[in-house]
Structure formats: structure tokens, C-alpha cells
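Here's a quick walk through one model, with the sequence and the structure shown just below. Keep the viewer open while you read.

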Amino acid sequence: MRHLMNPLDFSVEELDRLFDLANDIEKHPENYAHKCDGRKLATLFYEPSTRTRLSFETAMLNLGGNVIGFADATSSSAAKGESVADTIRVISCFADIAAMRHPKEGAAMVASQFSSIPVINAGDGGHQHPTQTLTDLLTIRSLKGRLDHFTIGLCGDLKFGRTVHSLINALSRYPEVHFIFISPEELRVPDYIIDMLKEKQISYEEVIKLEDRIADLDLLYMTRVQRERFFNEEDYVRLKDFYILDAAKMGMAKPDMLVLHPLPRVNEISVDVDADPRAVYFKQVQYGVYVRMALILTLLGLEE
Ligand code: NCD
């Protein structure tokens, strides 16, 4: 039985197969409409979410399956003090596969050790968010035709942003990806990620101003400042509007640079960018459903 905790749990070849499957689902959704008839997905969300939970639920419904679950910890037995280990043992009796989001790093990993059904990490604290990364990679591969040989700027909260950590991990396996990390000093990429890049001799730069490097980017991954992970509100208020991508800055970028964002957006992308064909963050949401469909099929062994 397989789980998904980290994008690196799948080899590059396995990811290619997963993305091929997702692209086929996009083209021929009718061929997949009954693949999960009679199966159930449990969504165990201990932390707020709109798109990730609904994306998982939509994916399972599109496959003909059903969904059960909870959308916040206060409405589950966690409020009575139940451990994640016990919850997943119970859920294993109800569902065929589970997606878990939790504010604590490593929670989904603990669940996977006690589970008799595949567990998908749908975000664990500031750590990893592998299905967002699958979404990001599928979007890039589908729209750019490749996952190598480009310069990607990651901008915003690179310290607490788990989507950033998962994406850097995943892209570090493809040739000639050059990273430009754009953040204020306080929100720099964690040292453990910098150490990994140094060890693998992957080229990266750290800069503070987006305007300084936007012209060099093939991809720009914008992120929200992660308010819920700050220790004090003053720091959040000081940093929250550090970056605002607007039409003027887009004017400095390459004509084929893509702008991605895991969403939710707060102020970091002005709405005047939305109509720009290079802004693909809403397309990304659609790719997220296809890739979660492909993932559910793969983890349930139904992909043939
Ligand atoms: C992200 C998350 O939850 O980490 N959202 C998402 O799943 N699409 C990004 C964020 O909350 O900023």
C-alpha cells in the first residue's frame, strides 16, 4: 500500500505517468466517470481549506465515488482529545482512501503508520503540501511542455509557505532549473532547503526586490504571507504587503512568463493582472482536480 507524504515519494518516471494520466482525464473525462464506483474518500481536515478539500471531493465525485469527512477539527473527535493514530484506524474501517490536512508537521505521516488505507498529506503545518505541488507541476508541464531548463522565481513567504517547500523539493530533480528566491529577510527559505540545494549543486539566488529580477523569469510563483504561522501580528502587518504584483510589473516580464499562485490570494497579486493571459492561477485550480483524480486512481491501483 502506498501513501503520499512528500512529492519525492514518487519517482520522476512515476510522476510522468501520473501527469499523462491527468492529461488523458482532461481530454476524456467520460472514460473515468465510473472508475471509483462504490469507493469512498475521507477528507480529514483539521485546518481551514476551501480549494484543497473541495478539489479532493470533486476529484472523487468525478470518478463516481463518494466522500465522507470533516472540515474542521472542532466538529470531529479531535475536540474530545482523540489522537490522529486512533482517528485514522477508525476511518480505515469506513473509507478506501483518506486525505488529511493538519496544523502539525508530520501529522499525516503518523496517520499513515497506523492506517490500513492509503493516506494523502493535504498539507502538514509549514512543512509539505505534495498535492499542491503535483498541481503546480502538471500546470507547468501542460502549459510549457517541460519541467526542466527554466528560471523560476518564488516570491513572498518562503519561510512558512509549505507549497514553496514542496515545489522546490520536486523541481530539484529536473535538469537546469535555476531558482530565484524573492523574499524579505525575515521570510527567507529555511536553511534545510538551502543546504539541500547546495549539496545537489543546484543554482539559486536570493533577492529582495521582485523588480530586480522579474525580466529574467520563465515562471513566477507568487505566495501569500502565511498569517496563521506568525508568532505576532505586528510582524505580519509589517510584511503582508511587501510584494504586490501588478500590471506595471507584468510589463517588465517576458511575454511568455507564467504566473502561478497556490491561492488563496490576499493582496500579493493585484486584480488588474487577472486578465493577463500569463496569469494561470485559476487554470491551476482546474489542473488540481485532474491531478487529484489521477492520484486517487493510482493509489487505489485502478489506473489501468
Ligand atoms: C496553500 C496552503 O494551504 O498551503 N493553499 C492551498 O492549498 N491551495 C497556500 C496558502 O494557504 O497560502
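Let's start with Asp 218, which sits in the loop between helix 8 (210-213) and strand 8 (219-222). Helices (H or I, at least four residues) and strands (E, at least two) are DSSP runs, numbered from the N terminus. This is a predicted model, where local features need pLDDT of at least 70 and side-chain atom pairs count only at pLDDT 80 or more, while totals for chains, interfaces and linings use all residues. Residues are numbered from 1 along each chain as its sequence is written, and side-chain values use heavy atoms, with hydrogens and water left out.

**Around Asp 218**

Asp 218 counts as buried because its relative accessibility is 14%. Buried means under 20% relative accessible area, exposed over 50%, and partly exposed in between (1.4 Å probe, protein chains only). The side chain of Asp 218 reaches the backbone nitrogen of Thr 151 at 2.8 Å, and it also makes a polar contact with the side chain of Lys 254 at 2.9 Å. A polar contact is a pair of N or O atoms within 3.5 Å; within protein, one must be able to donate a hydrogen and the other to accept it, and residues adjacent in sequence count only if both atoms are side-chain atoms. Not counting residues up to four places away in sequence, Asp 218 touches a set that includes Lys 144, Phe 150, Asp 256 and Leu 258. Contact here means heavy atoms within 4.5 Å.

Ala 215 is in the loop between helix 8 and strand 8 too, but at 41% relative accessibility it counts as partly exposed. Leaving aside neighbours within four places in sequence, Ala 215 is in contact with Met 252, Ala 253 and Lys 254.

**The ligand site**

Which residues surround the ligand? They are Arg 51, Thr 52, Arg 101, His 129, Gln 132, Arg 162, Thr 163, Arg 224, Gln 226, Pro 262, Leu 263 and Pro 264, where being near takes a heavy atom within 4 Å.

| Side chain | Distance to a ligand oxygen |
|---|---|
| His 129 | 2.7 Å |
| Arg 162 | 2.8 Å |
| Arg 224 | 2.8 Å |

Gln 132 belongs to helix 5 and counts as buried, at 6% relative accessibility. Apart from neighbours within four places in sequence, Gln 132 is in contact with Thr 163, Tyr 221, Pro 262, Gln 284 and Arg 292.

Leu 263 and Pro 264 are worth a look for their backbone. The peptide bond joining them is cis, with omega near 5 degrees. Leu 263 has a positive phi of about 65 degrees although it is not a glycine, and with a relative accessible area of 13% it is buried. Pro 264 lies in the loop between strand 9 (258-260) and helix 11, and that loop is where you'll find Leu 263 as well.

**Helix 2 and the crossovers**

Helix 2 (residues 51-62) has 12 residues and reaches 15 Å from its first C-alpha to its last, close to the 16 Å expected at 1.5 Å a residue; the expected span is 1.5 Å times one less than the number of residues. Its buried residues are Thr 52, Arg 53, Ser 55, Phe 56, Glu 57, Ala 59 and Met 60. They pack against several elements, among them strand 3 (97-102), strand 4 (119-124), helix 5 (130-144) and helix 11 (281-299). After helix 2 comes Gly 64, with a positive phi near 90 degrees.

Strand 1, helix 2 and strand 2 make a right-handed β-α-β unit. Right-handed means that, with the strands pointing away from the viewer, the path from the first strand over the helix to the second runs clockwise. Strands 1 and 2 run parallel and are joined by 5 bridges (strands pair if DSSP finds at least two bridges between them), with Leu 44 opposite Phe 70 in strand 2.

Strand 6 (residues 177-182) and strand 7 (residues 204-207) are also parallel, joined by 4 bridges. The chain crosses from strand 6 through helix 7 (residues 191-199) to strand 7 in a right-handed β-α-β crossover. Gln 201, in the loop between helix 7 and strand 7, has a positive phi near 55 degrees and counts as exposed at 73% relative accessibility.
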